Amino acid sequence: MTGSGFRRRHVVGFAVCLVVLALSIWPLYPWIAGIEPVFLGMPFSMVWLCLMIATVFSTFLAVFIWDREDDRKLDDAYRRGR
């Protein structure tokens with residue numbers, strides 16, 4: 001449970017956050033900020049940032065849920081071994 005799967009999940013979560021950070025600041029963000037369409041009354045640059053926030057949130061939520069499942073499995077294994 002605490003082996004490579006645990007570590008891989010956290011590395012992937014960290015990598016997603018770094019990619020989102022890179023897509024949210026200079027020099028990559030000006031490419032997005034120049035797009036003109038409007039979605040739901042918001043300029044595309046604001047929609048882009050909302051999508052990036054939602055991506056990070058869903059990534060952290062998935063890592064949290066998987067970690068809770070692993071914790072439950074470890075707790076069950078500990079209780080059976082006792």
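Helices (H or I, at least four residues) and strands (E, at least two) are DSSP runs, numbered from the N terminus. This is a predicted model, in which local features need pLDDT of at least 70 and side-chain atom pairs count only at pLDDT 80 or more, while totals for chains, interfaces and linings use all residues. Residues are numbered from 1 along each chain as its sequence is written, and side-chain values use heavy atoms, with hydrogens and water left out.

**View 1. Phe-39, Phe-44 and Trp-48 form one aromatic cluster.** Rings of Phe, Tyr and Trp (for Trp, its six-membered ring) pair if their centres lie within 6.5 Å; planes under 30 degrees apart count as stacked, over 60 as edge-to-face and the rest as tilted. Searching the whole structure gives two aromatic pairs. Phe-39 and Phe-44 make a tilted pair, 5.7 Å centre to centre with 55 degrees between the planes. Phe-44 also pairs with Trp-48, again tilted, at 6.3 Å centre to centre and 40 degrees between the planes. Look along helix H3 to find Phe-44 and Trp-48 four residues apart, about one turn of the helix. For accessibility, buried means under 20% relative accessible area, exposed over 50%, and partly exposed in between (1.4 Å probe, protein chains only). Phe-39 is partly exposed because its relative accessibility is 40%. Phe-44 has 15%, so it counts as buried, and Trp-48 is buried because its value is 17%.

**View 2. Leu-40 sits in the loop between strand E1 (38-39) and strand E2 (42-43).** Here is a backbone detail to look for: Leu-40 has a positive phi of about 50 degrees although it is not a glycine. Most residues other than glycine have a negative phi. With a relative accessible area of 85%, Leu-40 is exposed.

**View 3. Ser-45 belongs to helix H3 (residues 44-81).** Contact means heavy atoms within 4.5 Å. Leaving aside residues up to four places away in sequence, Ser-45 touches Tyr-29 and Ala-33. Its relative accessible area is 18%, so Ser-45 is buried.

**View 4. Gly-13 and Phe-14 can be viewed together in helix H1.** This helix covers residues 4-24. Is Gly-13 buried or exposed? Gly-13 counts as buried because its relative accessibility is 3%, whereas Phe-14 is exposed, with a relative accessible area of 54%. Now trace a partner for each one. Between Gly-13 and Ser-58 there are 45 residues of sequence separation and 9.8 Å in space, C-alpha to C-alpha. Phe-14 and Phe-60 are 46 residues apart in sequence, with 9.1 Å from C-alpha to C-alpha.
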